[in-house]
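I set out these entries in the order in which I looked things up.

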There are 4 protein chains.
Amino acid sequence: MSGSVYGNLFRISTWGESHGKGIGVVVDGCPAGLDLCEEDIQSFLNRRKPGQSKYSTPRKEEDEVEILSGVFEGKTTGTPISLIVFNKTQRSSDYSEIANYYRPGHADLTYDVKYGFRDYRGGGRSSGRETIARVAAGAIASKVLSQLGVSVYAYTKSIGEYEITSFDKEEIMNNALYMPDATTAAKASSYLEECMLNHNSAGGKIECIVTNLPVGIGEPAFEKLDANLAKAVTSIGAVKAFEVGDGTSVSMATGLTNNDQYSYDNLGSIKKLTNHSGGILGGISDGSDILIRASIKPTPSIFATQSTINKAGENIDVNIKGRHDPVIVPRAVVVVESMVAITILDMMFVSMTSNMDKLKRFFIS
Amino acid sequence: MSGSVYGNLFRISTWGESHGKGIGVVVDGCPAGLDLCEEDIQSFLNRRKPGQSKYSTPRKEEDEVEILSGVFEGKTTGTPISLIVFNKTQRSSDYSEIANYYRPGHADLTYDVKYGFRDYRGGGRSSGRETIARVAAGAIASKVLSQLGVSVYAYTKSIGEYEITSFDKEEIMNNALYMPDATTAAKASSYLEECMLNHNSAGGKIECIVTNLPVGIGEPAFEKLDANLAKAVTSIGAVKAFEVGDGTSVSMATGLTNNDQYSYDNLGSIKKLTNHSGGILGGISDGSDILIRASIKPTPSIFATQSTINKAGENIDVNIKGRHDPVIVPRAVVVVESMVAITILDMMFVSMTSNMDKLKRFFIS
Amino acid sequence: MSGSVYGNLFRISTWGESHGKGIGVVVDGCPAGLDLCEEDIQSFLNRRKPGQSKYSTPRKEEDEVEILSGVFEGKTTGTPISLIVFNKTQRSSDYSEIANYYRPGHADLTYDVKYGFRDYRGGGRSSGRETIARVAAGAIASKVLSQLGVSVYAYTKSIGEYEITSFDKEEIMNNALYMPDATTAAKASSYLEECMLNHNSAGGKIECIVTNLPVGIGEPAFEKLDANLAKAVTSIGAVKAFEVGDGTSVSMATGLTNNDQYSYDNLGSIKKLTNHSGGILGGISDGSDILIRASIKPTPSIFATQSTINKAGENIDVNIKGRHDPVIVPRAVVVVESMVAITILDMMFVSMTSNMDKLKRFFIS
Amino acid sequence: MSGSVYGNLFRISTWGESHGKGIGVVVDGCPAGLDLCEEDIQSFLNRRKPGQSKYSTPRKEEDEVEILSGVFEGKTTGTPISLIVFNKTQRSSDYSEIANYYRPGHADLTYDVKYGFRDYRGGGRSSGRETIARVAAGAIASKVLSQLGVSVYAYTKSIGEYEITSFDKEEIMNNALYMPDATTAAKASSYLEECMLNHNSAGGKIECIVTNLPVGIGEPAFEKLDANLAKAVTSIGAVKAFEVGDGTSVSMATGLTNNDQYSYDNLGSIKKLTNHSGGILGGISDGSDILIRASIKPTPSIFATQSTINKAGENIDVNIKGRHDPVIVPRAVVVVESMVAITILDMMFVSMTSNMDKLKRFFIS
């Protein structure tokens, strides 16, 4: 098992290394009859592309996606959709030096021990470029979800100590950090410039919201909606914490402050008076917005001097060369959004059989 | 899919409701030749039993486990191990009232909408008693792990604002809160008494450590060790956050402070100078201790008055009766430990095929 | 992996050995709201019970099923249904002798080598009693299918050289061999008596038909409906061949004789003029009856003298004692029917997401 | 679910349509450190290429494979191996006519109903070209198996009524029909020429043998080795029957003729005196050769006139144009071999955890 297959009924298989021929994904289980073209996917990929701002690596990666199968006359056919992004401008020479030592904070050592050797060029399979495949698949999941009335969006909640204090959804796409708060974005930008001057890097938090999800998505015990979102999000490299609703702060709450109380509104609809639970109770969506959060570690590749070891058995000092993002967070926003979309869609599919009455209506019209 | 099957090669299927005939689990994939008896499992179950201290419900649940299959002449046979705990002292009458309204913080509403109705007695399948099955399976996983030299243990890190400030592993089993710090345990106890007086409840954090895990466990992309642990732990009811290593605090760290630098020690062994990563790099164990953390919400069942709705379409006030833990954390310690043990073992199994040389040695001796 | 979990969305986990405490199954993924009681399951189990005729072992096995979970107030709740059949009249003493040698045609040797030892009492996990769990789960799948308008039934097609030459569905339940042709049943009975006199045993064929299955069930490539039925049926001990439609005889057919041609009937409905395909084209149901066939080997336990080896390294002659069926076929009819029902239902569930229009109708009413 | 993912630990995801941009497969779970180059895979693909003899379609398909990922410096890295074969010489114009009617024996109708429409060019996803992906993956599985000492080979056993009467393994690659018996191959060739003259087509049987497989591969209950082989082989389009060992003929055997008796040979090794079981007992390999058989239906595309229906609601007569194989069998030989190799390898992987002693040796050296 190399762990590159994800999902139950909406299932993706990703492949590709940073400096190989390309990165790709096979999406197995997309329903037939969805309008789909390259542009639907490209618009998602463009959100994770580097070189968009000074806080992301100036490497030019074109990351142009091509649909190889599963679409006929502009519509999905119900068979596997194969997507490919050829690697175009990777320069392997940049990386030859790192073949012989282990970069702190990277997977160099663990890959070498696990597999006996590694494709050291740009991190190989452990490179952030692996997420291209997730985003390409996420674009498709998102489009299916939107047809079902469900929407998913993510944004940067904080970088370093700079956390948003206001929320304007329109603002998210207006700044290079994908923050819904222009003032905090400006402060975070200054902080990132300081990090760059110090040859250092920063971390942050990403929040993701799912709106209009029907009640009843998620399964008891192990296939809880939050459990699956936890795996989805934590499977993204650099994510060190997953939270749903009030997250870690529930440890200091009390039953009275943490329980979401109910009431009927004027029209007889059920309302939760608060949403500490993040839209999930007992692992099942409750009709409120789903709200989850990921904490992202600082980019491990930094120019500052670090201690490490080489394969010759020596302790050495290294300064990692190459062009690297001083912060991963903004480019990871669409990756989180993609993994959430894929997971939500898959869990919706899986939930369709929970009820005899609904089954009868589906099969006996 | 009702979501009650977990794991790939070491796979468990759990079943049972709070007030049904019993709770059980089928463990499929336990290797043959392990010494196993009821006592191995009972000692784990006893750690989650209620009535052990004044901070857990005084309900008497005997929770005696019986092995129904998969063991012959004291050894596992390699075939499914079926374990059952009959429910003995559940009184359904306690719960009849809650059939008609939705308790805040519980899964009553989500089950009713998803399934059309629910087994309302004691929460049915969404009851904490569901974890009996996880712990029974966890006891077996833990025993297999110990034979392979790996150990897993968990403890209460905090209750409310009271977080441990020292660590004495021996102390964990000495206090009712399973805290490795007697002083903090005493303070947390006072806080819990206060909660009870206020008809309120408390949350907290549980930490779990895996020692002596070989390097190389965990798979790239979606089957990262941390991603699987995230799902395992977040699948436990009441868990609202999962962290690995420095967790949420990485968002405020920098590359320089967060990277774990390497050196060779005197004997030529690789050492990480710190363990901010929690023993996992690129989703693969790096030979350091695995360190994860779960945040547990306050018990939703409280005696204090809450607003909610009933099925008759009315907004009502409720005071939930019955006997409930003012805090779930101490009893959940062994549940977290169990889910981690099951997941670690399964991931070890899955990792066995990563390398041609090891395969040759296994099949061609 | 011990291989005792089956299915995707309708998933069963079986456990139990011939002479252990019992045999059971956990059914995960049965929709909520199905009326279900023990009698629904017992009527299926009674069809595989021994002691019903002189051609089945006179051992008295009561095989009474008990529902342990997943049903509340007479209806399934959507959570796992745990079923147990306690073993009551097994006498282990009958089997102690076989601990030290390997019975020809049995799994004694393969279990011993695979696991290092085996539960030798009555075949342990490899006993035919394992199928009790399949039949109990099959009864539930069948009941769900009938609610969806689909029916599944099986019968004995041949025993030895005696193959049915006429078909009367009502006759199936009228003779001890479950044959739809009384004349052939009488001849096969004489043949079986001859086998018994010779201390020998017989094989045969079972056929299974699924009617009223909607078009479109089954998935391209690996999850073809026939591929899944092949696995389902071949996973039953003693099955050595699986056929769909014309089966092995297609190898001697031609395109002209084997293709099923189409025409519209008077009402404009599509008709296949023949059904050589057995109701499946490209792995997907085509609206005709599904027709599959299993070939069952003769009971390996026979009284006649056979050569074998013991663990002491000696070649020996054995006469297997105990009470054994001279033919497995009649009792296996309901096992085939059960595995087909489980698989058909699971594939119906899996097929629900193939089409955007149907998804929209399901989620946006 | 579109059903294009196969396997547990050695897992493949295939994609591609007959007349799309290409056909491909992602192989997830190939161990690291295997020497692998395009030629290893091409030699397998060449065995299924058309245009090799007059009994296969004269269409020129170059079917050149390219490795896109998972190999570095000539060795597999343990990460997903993406393989692609671009479609080069497909002429869509040949197929436009069939868009509006349903070819007998094809999946045209079932795809249209399931998905609402279909990629009608050359059968789209239901084309025999889909098997390119299986063979490419099978080449890799076969190479890993050979490193573990296991070999898999297949051949044509019969075409129409012409079944081999002698066996010379070397002969298999010497005739266009891949038969191990030159005399029968000559007779079958004459028969095929007759079929072509009559605008008709033929079926046949393929046999596959696995040698040197260790005892103990395969799992009890549902994951029996034969059950998995049944699914693997029956998932190949046109396969209508699967047999293991004596197959369908066991229905007419008796216990005495069908049981394989044991003895120790002079060196104390265990020998089965016969191999009616086909090398599998209780679903587990017994150390003898694994022997399985597939029955392949006649090519459904024939030039002779057939009755069918069109989408306009009319009954019509059709003569299918284009270039088609008069028999699929010879080109399917390597497809069967590939599916068997993939399945055997996957089951070997899955079997590694059955035994505590072996686990200890693996993890604690």
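Entry 1, a hairpin. I began in chain C, where β2(C) is joined to β3(C) by a hairpin through five residues. I took helices (H or I, at least four residues) and strands (E, at least two) as DSSP runs, numbered from the N terminus. The model is predicted, so that local features need pLDDT of at least 70 and side-chain atom pairs count only at pLDDT 80 or more, while totals for chains, interfaces and linings use all residues. Residues are numbered from 1 along each chain as its sequence is written, and chains are lettered from A and ligands numbered from 1 in the order in which they are written.

Entry 2, strand pairing. I counted two strands as paired if DSSP finds at least two bridges between them. β2(C) and strand β3 (residues 22-28) of chain C pair in the antiparallel sense over six bridges, with Gly16(C) opposite Ile23(C) in β3(C). On the other pairing, strand β1 (residues 5-6) of chain C is antiparallel to β2(C) over two bridges, and Tyr6(C) has Ile12(C) as its bridge partner. β1(C) and β2(C) also form a hairpin, with four residues between them, and Gly7(C) in the turn has a positive phi of about 105°.

I called a residue buried if 20 or more other C-beta atoms lie within 10 Å of its own, exposed if 12 or fewer, and partly exposed in between, with C-beta atoms placed from the backbone. How many residues of strand β2 (residues 11-16) of chain C are buried? I found six of its six. Arg11(C), Ser13(C) and Trp15(C) point one way from β2(C), and Ile12(C), Thr14(C) and Gly16(C) point the other way.

I located Arg48(A) in helix α1 (residues 38-48) of chain A. Arg48(A) counts as buried because it has 26 C-beta neighbours inside 10 Å.
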